[in-house]
Amino acid sequence: MITALAKAEELMATAGLALDATLGDTQYFLAGPNRTERIPVHGAGPLEGVENVVGFSPGSHSTEPQIPKGAVLDGSFELSKDGYPLNYGTSFLLAVAFTDEGPVAHAVLTYGQSGDLRSEFSRDQMELFSNKEWRDIWFRAADVAANVVGTPMTITM
């Protein structure tokens, strides 16, 4: 145990991290038009026994620009000099209560409502997710109409 703790301390020092660094200080998603805005993200890999699985995959199933991970430090499985950059994981969370007045729901679309990295909506919900917050889901027409942010874009081909 002492040997493992010493190795962990050495890796943290090599990465330039304080021993009391929080997960939010080291694990992040890069957002914004130039992928330079670090948004702290909670969660862990599938081996840690969490339901909020996040990680980094060198291959992408997306058309978005790739985020370079950087070299993993010798002796670590995931830690790089930049910490733990993430590019995949929990994408949609929904909680619904069925009440006598109708459904009450909250959700977060983790990677945002827009794939356009220049849009404020490409990271708005990542910030909610980072802060462990939710947004309301509207079911009644009046609630939907009262909460419209913009209108859908029409694509013609």
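Two strands were taken as paired if DSSP finds at least two bridges between them. Helices (H or I, at least four residues) and strands (E, at least two) are DSSP runs, numbered from the N terminus. The model is a predicted one, in which local features need pLDDT of at least 70 and side-chain atom pairs count only at pLDDT 80 or more, while totals for chains, interfaces and linings use all residues. Residues are numbered from 1 along each chain as its sequence is written, and side-chain values use heavy atoms, with hydrogens and water left out.

Strand β1 covers residues 27-31. In the hairpin of β1 and β2, five residues lie between the strands, and G32 takes a positive phi near 90 degrees. The pairing of β1 with strand β2 (residues 37-40) is antiparallel and runs over four bridges; within it, Y28 stands opposite P40 of β2. Strand β1 also pairs with strand β4 (residues 84-86), here in the parallel sense and over three bridges. The bridge partner of Q27 in β4 is Y84.

Burial was assigned from relative accessible area (buried under 20%, exposed over 50%, partly exposed in between; 1.4 Å probe, protein chains only). Five of the five residues of β1 are buried, so the strand is largely enclosed by the rest of the structure. In a regular strand the side chains alternate between the two faces of the sheet. Both faces of β1 are covered, with Q27, F29 and A31 buried on one side and Y28 and L30 buried on the other.

F29 is also among the residues that line the largest cavity. A cavity is a set of points, on a 1 Å grid over the protein atoms alone, where a 1.4 Å probe fits but cannot get out; lining residues have an atom within 4 Å of a point. Grid points are joined across faces, edges and corners, and a volume is the space filled by probe spheres set on the points. The structure holds one cavity of 30 Å³ or more, and the largest cavity contains about 30 Å³ of space. Its lining consists of F29, V41, V54, L86, Y88, T110, Y111, M126 and F129. Eight of these residues are nonpolar and one is polar, with no charged residues (Ala, Val, Leu, Ile, Met, Phe, Trp, Tyr, Cys and Pro count as nonpolar, Asp, Glu, Lys and Arg as charged, and the others, Gly among them, as polar).

Helix α1 (residues 2-14) has 13 residues and reaches 18 Å from its first C-alpha to its last, close to the expected 18 Å; the expected span is 1.5 Å times one less than the number of residues. Just after α1, G16 takes a positive phi of about 75 degrees.

Three salt bridges were found in the whole structure, each being a side-chain nitrogen of Lys or Arg within 4 Å of a carboxyl oxygen of Asp or Glu. K7 pairs with E10, with the closest N and O atoms 3.7 Å apart. These residues are three apart in α1 and thus separated by about one helical turn. K7 is partly exposed at 32% relative accessible area, as is E10 at 47%.

E37 and R123 meet in a salt bridge at 3.0 Å, N to O. E37 lies in β2 and R123 in the loop between β7 (102-109) and α3 (124-130), so the pair ties together parts that are 86 residues apart in sequence. E37 is partly exposed at 31%, whereas R123 is buried at 13%. R118 bridges to D116, the closest N and O atoms being 3.0 Å apart; R118 is exposed at 66% and D116 partly exposed at 33%.

Methods:
1 Å grid on protein atoms, 1.4 Å probe; cavity = no way out; pocket = protein on both sides within 12 Å on 5 of 7 lines; lining within 4 Å.
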